[in-house]
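Hi,

Here is the two-chain model I promised to pass on.

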Amino acid sequence: MLRFIAGRLIVVIAVAITLSFITFFLLNYAIDPAQAVAGEEALFEEIEQVRIQYGFDRPILERYFEWASGVMRGNFGESYYWNKSVYLLVLERAPETITLALMSVSVTIIIAIPLGILAALNPNTIIDRFALGIAVAAQAVPNFWLGLLMIILFALTFPIFPVSGDKTYFHFVLPSIVLGASSVPPVMRLMRTGLLDVVDSDYIRTARSNGFYGWNLTINHSMRNAVLPVVSVLAVQLGHKFGGSVITESVFAINGLGRLALESILGTDIPTVQILVFIFAFMFLIFNLFADILNAYLDPRLRK
Amino acid sequence: MIFELFAKRLFPQAFNNDLSELEPKHIFLRKSVNHLGFKFGLTMLLIIIFLGIFGPHIIGISPYEQDLTKRLLPPIWVEGGNWEHIFGTDGNGRDYLARILYGTRISLTIGFGAAFVGMIIGISLGILAGYFGGWVDQLVNYLLTCQLALPGLLLAMTVVFLIGPSITVVILVIGVLHWTLFLVVSRSATQRIRNLDYVLAANAIGASKYQIIFSDIIPNILNQIIVIFTLEVGIAILSEASLSFLGVGIQPPTPSWGLLIAEGREALFFQPWLIILPGIALFLLVVSINMLGDGLRDITDPNSKIEIKSKVEVPISNLKQNINSKK
């Protein structure tokens with residue numbers, strides 16, 4: 001087990017280093033960093049002055065190593081757009097995004113798992129069709145549009161939840177529903193097929209012939225095996241939520257990392273964007289690793 | 001109904017009662033006639049493509065023509081709407097129906113274009129990894145892990161915004177970020193096919209690697225690739241809409257659906273149709289593409305349980321006569 005974890009950890013670290021390399025080079029070649037700091041209308045002399053002042057005239061590899069060693073010590077660099085340390089910016093905005101990510105995954109669990117179980121217990125009935133219909137719809141509905149519809153609906157017709165801002169947990173209800181809805185189709189389908197596979201297996205038939213039935217059989221026998229892949233997919237989805245928060249946060253005016261990313265892009269603030277891309281990718285890697293370890297712990301066959 | 005009529009008119013031989021003489025394409029047709037989602041998705045997609053190509057010519061109004069005396073006219077079903085502007089007008093007095101119809105072209109172009117770019121990258125890497133195996137496979141696997149970890153939307157936003165948004169840039173960026181599904185599917189299919197007898201035979205008679213890849217492997221993974229392609233078109237269309245909605249994709253005045261929704265946001269509570277109409281268009285297009293893709297998967301899957309039943313049943317009395325006559 002330890003060997004398994006160590007192996008995975010090495011891959012995660014290698015991928016993280018590769019990704020930091022790719023983002024750094026991509027962003028520094030997509031736009032001249034000196035131009036980005038100086039602004040669109042800057043004169044040639046001003047740009048050259050900024051280039052020397054900020055050290056953009058040095059080789060890109062040197063700047064990359066300086067940046068990377070800074071990141072490892074918690075020094076994320078200075079934001080030119082916000083005039084602030086990027087570390088503080090991220091720290092300020094992170095709690096909102098973490099709350100949103102956790103709440104949206106809870107919404108996914110609350111909707112997708114019962115639907116998946118119901119669909120698997122009643123295959124090819126109206127309930128099954130209904131669940132699959134919801135999956136097809138949730139897959140095709142644009143996130144931002146769903147958010148705007150919710151705002152129209154809840155601001156005028158049912159004023160239960162606030163539609164914009166991030167002061168209380170109630171403010172996060174609608175954004176979590178919108179962000180959570182996009183994970184419903186994969187989780188629900190997996191729950192359904194997993195349970196359908198298990199229901200046909202020998203040990204369930206044995207349990208049935210021993211007199212187990214109904215919810216007791218489903219919860220205590222079938223679910224144990226069917227829920228394994230679902231748990232790992234949920235962990236992966238949680239990793240996705242950080243990067244996926246951009247749209248939801250800008251629709252519902254939540255001051256989290258996603259909105260910070262959008263504002264930094266529009267202000268061509270390369271240091272902040274760099275760190276955010278890296279943080280989102282790292283979050284995904286960590287949750288993926290967590291899912292792998294959890295799966296290996298629950299299912300010894302995967303440890304090889 | 002109409003779908004079945006067309007299918008029977010075009011390929012009458014596919015609907016024979018003698019199941020033993022069916023060719024693969026006839027089996028495909030017969031299965032598709034029995035798949036409701038496939039029929040619905042295909043019909044709807046064809047209608048949308050038709051509207052995208054001919055719609056702007058039929059209504060004959062330019063999507064860019066402004067008339068500031070006719071700003072924010074309501075659509076026909078809201079009080080005050082008239083037949084001149086069926087879907088009303090936007091904040092600059094441009095005809096909304098014309099803009100939505102024109103937006104169909106942009107969504108379709110970007111959806112198919114980006115999926116095509118992703119397909120080329122994904123298939124190339126997938127076949128390389130599946131055919132050569134070993135360190136090539138491991139390298140591609142590593143690339144896959146990297147790509148999966150990247151926050152796609154955020155990176156697409158950044159690159160499109162920094163390079164300068166245009167339709168070509170959006171297509172390339174979305175395509176370059178969406179190849180993982182193609183890779184996974186084509187790699188596993190190639191691994192399976194390369195050890196089949198006919199590939200070994202081709203190898204034995206001295207066919208080169210390129211000949212084997214292009215004439216033996218690619219034609220046989222196309223079935224699965226088409227399914228992924230359809231689903232990726234839907235994903236690419238949604239990505240483009242998200243980028244344009246956030247202001248870092250297609251730029252005004254080009255009528256992309258995501259952009260129309262972003263523009264309608266200012267009048268969210270007073271003219272809600274400005275965001276509802278393009279949203280419905282986007283939803284219908286992606287639903288129809290996804291249903292088509294799901295249908296194709298069910299139909300092309302050799303293990304699928306869709307029946308190839310013959311519609312015309314042989315009456316039992318005939319059978320009895322036959323038995324009697326044999327006596």
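Start at B:Ala156: leaving aside residues up to four places away in sequence, its contacts are B:Val173, B:Ile174, B:Leu177, B:Ser239 and B:Leu243. B:Ala156 is also, along with A:Leu276 and B:Met157, one of the residues with the most contacts inside the largest nonpolar core, which has 140 residues. Apart from that core lies another, of eight residues, including B:Ala98, B:Ile100, B:Tyr102 and B:Leu277. As background, nonpolar side chains tend to be buried together in soluble globular proteins.

Before you go further, bear in mind that this is a predicted model. The predictor gives the complex an ipTM of 0.87 and a pTM of 0.88. For chain B the mean pLDDT is 83, with 89% of the residues at 70 or more. The stretch to treat separately is 310-316 of chain B, where the pLDDT is below 50; in the model this stretch has four contacts beyond near neighbours in sequence.

On to the chains themselves. Of its 327 residues, 39% are buried. Among contacts in chain B with a separation of 6 or more, 70% are between residues 24 or more positions apart.

Chain A has 13 helices and two strands. Buried residues account for 40% of its 304 residues, and 71% of the chain A contacts with a separation of 6 or more join residues 24 or more positions apart. The C-alpha trace of chain A spans about 85 × 55 × 30 Å along its principal axes.

One helix in chain A deserves a look in your viewer. Helix H11 (residues 214-251) of chain A has 38 residues, and a straight helix at 1.5 Å a residue would reach 56 Å, but the end C-alpha atoms here are only 43 Å apart. Where is the kink in H11(A) centred? On A:Met223, and the kink is about 60°. Just after H11(A) comes A:Ala253, with a positive phi of about 55°.

Last, a loop residue in chain B. B:Gln251 sits in the loop between H10 and helix H11 (257-264) of chain B. Is B:Gln251 buried or partly exposed? It counts as partly exposed because B:Gln251 has 14 C-beta neighbours inside 10 Å, while a buried residue would need 20 or more. Along the chain B:Gln251 and B:Pro165 are 86 residues apart, yet 7.0 Å separates their C-alpha atoms.

That's what I have for now.

Cheers

Methods: Residues are numbered from 1 along each chain as its sequence is written. Chains are lettered from A and ligands numbered from 1 in the order in which they are written. This is a predicted model: local features need pLDDT of at least 70, side-chain atom pairs count only at pLDDT 80 or more; totals for chains, interfaces and linings use all residues. A residue is buried if 20 or more other C-beta atoms lie within 10 Å of its own, exposed if 12 or fewer, and partly exposed in between; C-beta atoms are placed from the backbone. Two residues are in contact if their C-beta atoms, placed from the backbone, lie within 7 Å. Helices (H or I, at least four residues) and strands (E, at least two) are DSSP runs, numbered from the N terminus. The expected span of a helix is 1.5 Å times one less than its number of residues. The bend at a residue is the angle between axes fitted to the seven residues ending there and the seven starting there. pLDDT is the predictor's confidence in each residue, from 0 to 100. A nonpolar core is a set of buried Ala, Val, Leu, Ile, Met, Phe, Trp, Tyr and Cys residues joined through C-beta atoms within 7 Å.
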